[in-house]
Amino acid sequence: MKHIIILVFALLFTAPIFSQSKDNSETSTYYFIRHAEKDRSDKTNKDPHLIEKGKQRAEHWNAVFKNIKFDAVYSTNYNRTKETAQPTAIVNKVNLTLYHPNTNVVSFLESTKGKTVLIVGHSNTIPQFVNSLLGKKKYDDIDDSNNGNLYIVTISGSRETSDILLSID
């Protein structure tokens, strides 16, 4: 009888642990940043590279994310976004995944379910992407002079949370 009581208590206390670990495996966390400072010297260049300050910011993001293990790093197909994302992709030993800013959100959520993902985009596309994931307009476009916002979206089952950290320098 004593063994049955111990077994019942063990099952009662371990069942929630197993259900929590199942939920955790389906928790998706998304980190969104805008590309770092780009070269603005040639107004006709639609695909500029990062300037030195931008390269330093890209390395700074890498340091900010040093304790986060990314399963994927996404970037639009522009020099400035790829150069911002590359240091973090290298440290996490993942290839850059190129995406279009108007990507299908449902497909994106399905393919990244349960993963931790960095997404690098632009002053208008990052807030739009975050808003699409949340299913509502919560964030406005980023000011053109601001390259330091970090948006974090966590989705676990039907629960979604989002936060913005402004001007990480």
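The buried residues of α5 are T125, I126, P127, F129, V130, N131, L133 and L134. Buried means under 20% relative accessible area, exposed means over 50%, and partly exposed lies in between (1.4 Å probe, protein chains only). Helix α5 is mostly covered, since 8 of its 10 residues are buried. Those buried residues pack against β1, α4, β4, β5 and β6 (159–165). Just after α5, G135 has a positive phi of about 75°.

The model is predicted: local features need pLDDT of at least 70, side-chain atom pairs count only at pLDDT 80 or more, and totals for chains, interfaces and linings use all residues. Residues are numbered from 1 along each chain as its sequence is written, and side-chain values use heavy atoms, with hydrogens and water left out.

**The chain as a whole**

The protein chain has 5 helices and 6 strands. Helices (H or I, at least four residues) and strands (E, at least two) are DSSP runs, numbered from the N terminus. Along the sequence the pattern is α-β-α-β-α-β-α-β-α-β-β. Of the 169 residues in the protein chain, 40% are buried. Contact means heavy atoms within 4.5 Å. Among contacts between residues at least 6 apart in sequence, 64% join residues at least 24 apart. The accessible surface (Shrake-Rupley method, 1.4 Å probe) is about 10,100 Å², and 54% of that surface belongs to carbon and sulfur atoms.

**The nonpolar cores**

A nonpolar core is a set of buried Ala, Val, Leu, Ile, Met, Phe, Trp, Tyr and Cys residues joined through side-chain atoms within 4.5 Å. The largest one has 19 residues, and the members that touch the most others are Y30, F32, F108, I119, I126 and V130. Two or more residues come from each of β1 (27–34), β2 (72–75), α4 (105–112), β4 (116–121), α5 (125–134) and β5 (150–156). Helix α5 gives the most, with 5 residues. With neighbours within four places in sequence left aside, F108 is in contact with Y30, Y74, V117, I119, F129 and L133. A second, separate core has 14 residues, including F70, A89, L118 and I152.

**Helices α2 and α3**

Two packed helices are described by the angle between their axes and the distance between the axes. Helix α2 (residues 52–64) and helix α3 (residues 79–91) pack at about 35°, with axes 8 Å apart. Axes are lines fitted to C-alpha atoms, for helices over the stretch in contact, and angles run from 0 to 180 degrees between N-to-C directions. From α2 the contact uses A58, E59, W61 and N62, and from α3 it uses E83, T84, P87, T88 and V91.

T88 lies in helix α3. Leaving aside neighbours within four places in sequence, T88 is in contact with W61, N62, F65, F70 and L118. K93 is placed in the loop between α3 and β3 (96–98). Phi of K93 is near 55°, a positive value in a residue other than glycine.

| Residue | Relative accessible area | Class |
|---|---|---|
| T88 | 1% | buried |
| K93 | 77% | exposed |
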